[in-house]
Amino acid sequence: MFFIAQLTHSPELCFARPEHKEKYDELFEFLNNMEKYEKEAGVKLHGFYLNANEHTFYFIIEADNYLKLSKFLGVGPILTHHTAKISPVVTLEETLEFARTVVEE
Ligand SMILES: [Zn+2]
């Protein structure tokens with residue numbers, strides 16, 4: 001199952017601010033070692049994007065369940081510094097299969 005996680009922090013909590021240097025280091029460690037954290041949580045990361053002007057991170061994650069996704073995103077300051085919007089989504093292939101099912105009924 002695929003999820004798109006959108007995580008936004010306020011400018012006051014921005015990792016670029018000197019008072020958040022410790023959290024910046026934790027975040028940087030996470031970003032540099034995401035493969036390790038994927039394995040530990042049992043998820044697969046398909047994409048990562050940042051919009052620095054909007055202080056927003058985007059993750060495209062494949063996980064069997066929401067708990068594994070939460071474990072992956074629970075590392076360091078990812079969840080504590082952000083408001084999360086996590087949407088389950090389907091692939092194009094699954095969409096086409098669903099569309100065929102609807103038409104047949
Ligand atoms: Zn920021």
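Which residues is Y58 in contact with, leaving aside its neighbours within four places in sequence? I looked this up before anything else. Y58 is in contact with I4, Q6 and Y49. Contact here is two C-beta atoms, placed from the backbone, within 7 Å.

**Ground rules**

I am working on a predicted model, where local features need pLDDT of at least 70, side-chain atom pairs count only at pLDDT 80 or more, and totals for chains, interfaces and linings use all residues. I number residues from 1 along each chain as its sequence is written.

**Y58, continued**

I placed Y58 in strand β3. Strands (E, at least two residues) and helices (H or I, at least four) are DSSP runs, numbered from the N terminus. I counted 14 other C-beta atoms within 10 Å of Y58, so the residue is partly exposed. My cut-offs: buried means 20 or more other C-beta atoms within 10 Å, exposed means 12 or fewer, and partly exposed is in between, with C-beta atoms placed from the backbone. I then checked Y58 against A5. Their C-alpha atoms are separated by 5.6 Å, although the two residues are 53 apart along the chain.

**Overall layout**

I read the pattern along the sequence as β-α-α-β-β-α-β-α. The radius of gyration is 16 Å, well over the 13 Å that the globule rule gives for 105 residues, so the protein is more spread out than a compact globule. The radius is taken over C-alpha atoms, and the rule is 2.2 Å times the number of residues to the power 0.38. I also took the spans of the C-alpha trace along its principal axes: about 60 × 30 × 20 Å. Buried residues make up 14% of the 105. I looked at contacts with a separation of 6 or more; 70% of them join residues 24 or more positions apart.

**The sheet**

I traced an open sheet of four strands, in the order β2-β3-β1-β4, with antiparallel pairing. The edges are β2 and β4, each with a single partner strand, so one side of each is left without a neighbour in the sheet. The twist averages 15° from one strand to the next. For this angle, axes are lines fitted to C-alpha atoms, for helices over the stretch in contact, and angles run from 0 to 180 degrees between N-to-C directions. I count strands as paired if DSSP finds at least two bridges between them.

I went through the pairs in turn.

- β2 and β3 run antiparallel and are joined by seven bridges. K44 stands opposite E62 in β3.
- β1 and β3 pair in the antiparallel sense, also over seven bridges. T8 has T56 in β3 as its bridge partner.
- β1 (residues 2-8) and β4 run antiparallel, joined by seven bridges. A5 stands opposite I86 in β4.

How many of the eight residues of β2 are buried? The number is zero, so β2 lies largely in the open. I got zero again for the seven residues of β4 (residues 83-89), so that strand also lies largely in the open.

**The hairpin turn**

I found four residues between β2 and β3, which form a hairpin. H55 sits in the loop between β2 (44-51) and β3 (56-62). Its phi is near 55°, a positive value in a residue other than glycine. H55 has 19 C-beta neighbours inside 10 Å and counts as partly exposed.

**F2**

I moved on to F2, in strand β1. F2 has 15 C-beta neighbours inside 10 Å and counts as partly exposed. Beyond neighbours within four places in sequence, F2 is in contact with I60, E62, V89 and T91. I compared F2 with E19: 17 residues apart in sequence, 35 Å apart in space, C-alpha to C-alpha.

**The core**

I looked for the largest nonpolar core and found 13 residues, of which V43, I61, L69 and F72 touch the most other members. β1, α2 (34-41), β3 and α3 (66-73) each supply at least two residues of this core. A nonpolar core is a set of buried Ala, Val, Leu, Ile, Met, Phe, Trp, Tyr and Cys residues joined through C-beta atoms within 7 Å. I listed the contacts of V43 outside four places in sequence: E38, I61, E62, A63, K68, L69 and F72.

**Helix α4**

I checked α4 (residues 92-104) last. Its 13 residues reach 18 Å from first C-alpha to last, close to the 18 Å expected at 1.5 Å a residue. The expected span is 1.5 Å times one less than the number of residues. Of the 13 residues of α4, zero are buried, so the helix lies largely in the open.
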